Amino acid sequence: MAEVSLRKIVKAYEGGVQAVKGIDLEIQDHEFVVLVGPSGCGKSTTLRMIAGLEEITAGEIAIGGTVVNDIPPRDRDIAMVFQNYALYPHMSVYENMAFGLTLRKFPKAEIDKRVKEAARILDITPLLERKPKALSGGQRQRVAMGRAIVRDPKVFLFDEPLSNLDAKLRVQMRTEIKKVHQTVRTTTVYVTHDQVEALTLADRVVVMNHGIIEQVGPPQELYHHPATKFVAGFIGSPAMNFIPAQLEEASGGLNIVIAGGMSLPVPPSRVDRYRGHAGKPVLFGIRPEHLTDDKTTDKHHLEPLSLTPEVIEPMGMETLAHFKLEGTEISARLDPSTPAEVGKPLALLAHMGQMHLIDPATDKVI
Ligand SMILES: Nc1ncnc2c1ncn2[C@@H]1O[C@H](COP(=O)(O)OP(=O)(O)OP(=O)(O)O)[C@@H](O)[C@H]1O
Ligand SMILES: [Mg+2]
């Protein structure tokens, strides 16, 4: 097992596309780090550079303290699981898992021990003699992980390993991957574009955008303290509402004044932090779960607000309501027992203790 260091990593593809623009990242031994971001932001490129499958244009990558820039993939002691993990169709599950070790001329007894241990961890012992075609999608995914586990590598690299599975299986396998990591503790770098997968799996999440890192932090920190508008909007579903507003002085405090005249007081504890932006335009950020009729979660700084739903979506455990506020689409999470009706004003509470303010000039959270 090992730590992984990325130092000023750049990847420029032929034709001048800079896919990765000088990123720095220190991954600790045993850590589970998830790279997340929209399509094309450079996640796979970063992972493939760690694996050695892609040449590094500039910068340095170290695994376990050794710079690996010039070390070929097979000597980096990493195991990679892709979205399209092709299993050998003519080999049994056991043979598929053993194959890499056989090639590396491991003794038969050692191979047997490792395959059986991996099968136990992955709960596929009864499947060892089956061929891949006799397995479900989730079982095949486990075998692909088994192949990586038996190698006992320094680092696991996963590139969207669950995206071929249906929604239910994806959630199940997500839990499996977490369990496996809790057992084997191998340093893991995991790529996904799914922010829920990122939050649920990661010790630390790395949010990428256009080839740079926007923010690195534990899931709760990214959710509660996003550093930029991009992170605030990317983490959390449905996404945070962003409402254009003006920050105004008001008898010792500050008010967020929304076009149309609605005015919401800033909690006193935040006033000093925001004071420098008084008189300027801001984006008022509030998550749907903090614009709600639910009074139970937080009793402080609740500001009443009346909005008229345009669409109501019952989800079972909650109901989503969508509104238009001075031209901005916003959504709120309601208690499912709330009798909300399209076109009928609805009494909501803005949990101002959970709000965010963004400087529209820099897109940074203030
Ligand atoms: N071989 C290549 N030649 C030129 N450009 C490439 C090549 N591979 C990737 N790119 C470009 O580099 C950028 C980053 O690609 P990358 O595959 O790392 O994105 P990603 O974050 O993994 O996206 P996705 O979620 O769609 O897999 C994209 O703009 C992509 O078009
Ligand atoms: Mg990719």
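What covers the buried residues of α2? I opened my notebook with that one, and I note at once that this is a predicted model.

**Entry 1: helix α2**

I looked up α2, which runs over residues 93-103. Its buried residues are V93, Y94, N96, M97, A98, G100 and L101. Their cover includes α3 (108-122) and α4 (137-150), which answers my opening question.

α2 is followed by K105, which is found in the loop between α2 and α3. The phi of K105 is near 60 degrees, a positive value in a residue other than glycine. I wrote a reminder beside this: most residues other than glycine have a negative phi. K105 counts as exposed, at 73% relative accessibility.

**Entry 2: another positive phi**

D77 is also not a glycine, and it has a positive phi of about 60 degrees. I found D77 in the loop between β5 (66-67) and β6. D77 is partly exposed, with a relative accessible area of 30%.

**Entry 3: around ligand 1**

Which residues are around ligand 1? I listed Y13, A19, P38, S39, G40, C41, G42, K43, S44, T45 and E160. Sorted by class, this shell has four nonpolar, five polar and two charged residues. Helix α1 (residues 43-51) gives the most to the shell, with three residues.

Next I checked some distances to oxygen atoms of the ligand. A polar side-chain atom of S39 lies 2.5 Å from one oxygen atom of ligand 1. For S44, an N or O atom in the side chain is 2.8 Å from an oxygen atom of ligand 1. With C41 the backbone takes part: one of its N or O atoms lies 3.2 Å from an oxygen atom of ligand 1. On its own, ligand 1 has 640 Å² of accessible area, and the protein covers 58% of that.

T45 lies in helix α1. Is T45 buried or exposed? T45 is buried, with a relative accessible area of 9%, and the cut-off for buried is under 20%. Leaving out residues up to four places away in sequence, T45 touches K11, Y13, A19 and V20.

**Entry 4: aromatic rings**

How many aromatic pairs does a search of the whole structure find? It finds five. One of them joins Y88 and F99 edge-to-face, with 4.9 Å centre to centre and 65 degrees between the planes. Y88 lies in the loop between β6 (78-81) and α2, and F99 in helix α2, so this pair ties together parts that are eleven residues apart in sequence. Both partners are partly exposed: Y88 has a relative accessible area of 33% and F99 has 28%.

I also looked up F230 and F234, which form a stacked pair, 5.6 Å centre to centre with 15 degrees between the planes. Both lie in helix α8 (residues 229-234), four residues apart, about one turn of the helix. F230 is partly exposed at 23%, whereas F234 counts as buried at 17%.

One cluster went on the page as well: F32, F156, F158 and Y190 form it together.

**Entry 5: a cis peptide bond**

Last, I followed the chain on from α8. P238 lies in the loop between α8 and β11 (241-250). A cis peptide bond joins S237 and P238, with omega about -5 degrees. I marked it since most peptide bonds are trans.

Note on methods. Residues are numbered from 1 along each chain as its sequence is written. Chains are lettered from A and ligands numbered from 1 in the order in which they are written. This is a predicted model: local features need pLDDT of at least 70, side-chain atom pairs count only at pLDDT 80 or more; totals for chains, interfaces and linings use all residues. Side-chain values use heavy atoms; hydrogens and water are left out. Buried means under 20% relative accessible area, exposed over 50%, partly exposed in between (1.4 Å probe, protein chains only). Helices (H or I, at least four residues) and strands (E, at least two) are DSSP runs, numbered from the N terminus. Contact means heavy atoms within 4.5 Å. A residue is near a molecule or strand if one of its heavy atoms lies within 4 Å of it. A polar contact is a pair of N or O atoms within 3.5 Å; within protein, one must be able to donate a hydrogen and the other to accept it, and residues adjacent in sequence count only if both atoms are side-chain atoms. Accessible areas come from the Shrake-Rupley method with a 1.4 Å probe; for residues, only the protein chains shown count as cover. Ala, Val, Leu, Ile, Met, Phe, Trp, Tyr, Cys and Pro count as nonpolar, Asp, Glu, Lys and Arg as charged, and the others, Gly among them, as polar. Rings of Phe, Tyr and Trp (its six-membered ring) pair if their centres lie within 6.5 Å; planes under 30 degrees apart count as stacked, over 60 as edge-to-face and the rest as tilted.
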